[in-house]
Amino acid sequence: MTKLFDGVGREDAPFSSSQADRLQTIAVIALAVVILDFLISIGFIFEPAPEIGFGMVANNGVAEPTLNINIGMLAFSAIMYSLSAIFRYAALLQQLSDETV
């Protein structure tokens, strides 16, 4: 995110393919966090060491196993990916406009 705002602060073109790539990278990282969180929660369901009460600690005291899906981060990832597509299209429109003039 800092590189994204730093590029705009340096008077670079805000709608460029490099900015779109940065937004897409942010979206992929956020999606990786969601997937990693989901896989970790699946690992806790199987209770690899029940003698230490791993399931009780992982599930906040609930006896039944639960799956954790971080909906907020998933939505953030979708929004960042959408913004990257919008920035990529805006860069194309900017290029066409520059070539016309």
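Asp21 counts as partly exposed, at 37% relative accessibility; the term covers values between buried (under 20% relative accessible area) and exposed (over 50%), with a 1.4 Å probe and protein chains only. The model is a predicted one, in which local features need pLDDT of at least 70, side-chain atom pairs count only at pLDDT 80 or more, and totals for chains, interfaces and linings use all residues. Residues are numbered from 1 along each chain as its sequence is written, and side-chain values use heavy atoms, with hydrogens and water left out.

**Salt bridge**

The side chain of Asp21 meets that of Arg88 in a salt bridge, at 3.2 Å from N to O. A salt bridge here is a side-chain nitrogen of Lys or Arg within 4 Å of a carboxyl oxygen of Asp or Glu. Asp21 lies in helix α2 and Arg88 in helix α4, so the bridge ties together parts that are 67 residues apart in sequence. Arg88 is partly exposed, with a relative accessible area of 35%.

**Nonpolar patch**

Leu31, Ile35, Leu39, Ile69, Ile71 and Leu74 make a nonpolar surface patch of about 540 Å². Patches consist of residues with over 30% relative accessible area and no salt bridge; like charges are joined within 9 Å, and nonpolar side chains (Val, Leu, Ile, Met, Phe, Trp, Tyr) within 5 Å. Two or more residues of the patch come from each of α2 (17-45) and α4, and α2 gives the most, with three residues. Ile35 is found in helix α2.

| Residue | Relative accessible area |
|---|---|
| Ile35 | 44%, partly exposed |
| Asp21 | 37%, partly exposed |
| Arg88 | 35%, partly exposed |

**Chain as a whole**

The chain has four helices and zero strands, in the order α-α-α-α from the N terminus. Helices (H or I, at least four residues) and strands (E, at least two) are DSSP runs, numbered from the N terminus. Of the 101 residues, 20% count as buried. The accessible surface comes to about 7100 Å², 68% of it belonging to carbon and sulfur atoms; areas come from the Shrake-Rupley method with a 1.4 Å probe, and for residues only the protein chains shown count as cover. Among contacts (heavy atoms within 4.5 Å) with a separation of 6 or more, 68% are between residues 24 or more positions apart.

**Confidence**

The mean pLDDT of the chain is 78, and 70% of its residues reach 70 or more; pLDDT is the predictor's confidence in each residue, from 0 to 100. Confidence is lowest in helix α3 (residues 54-58), at a mean of 48, and highest in helix α4 (residues 71-100), at 91. Where pLDDT is low, the predicted coordinates should not be read in detail.
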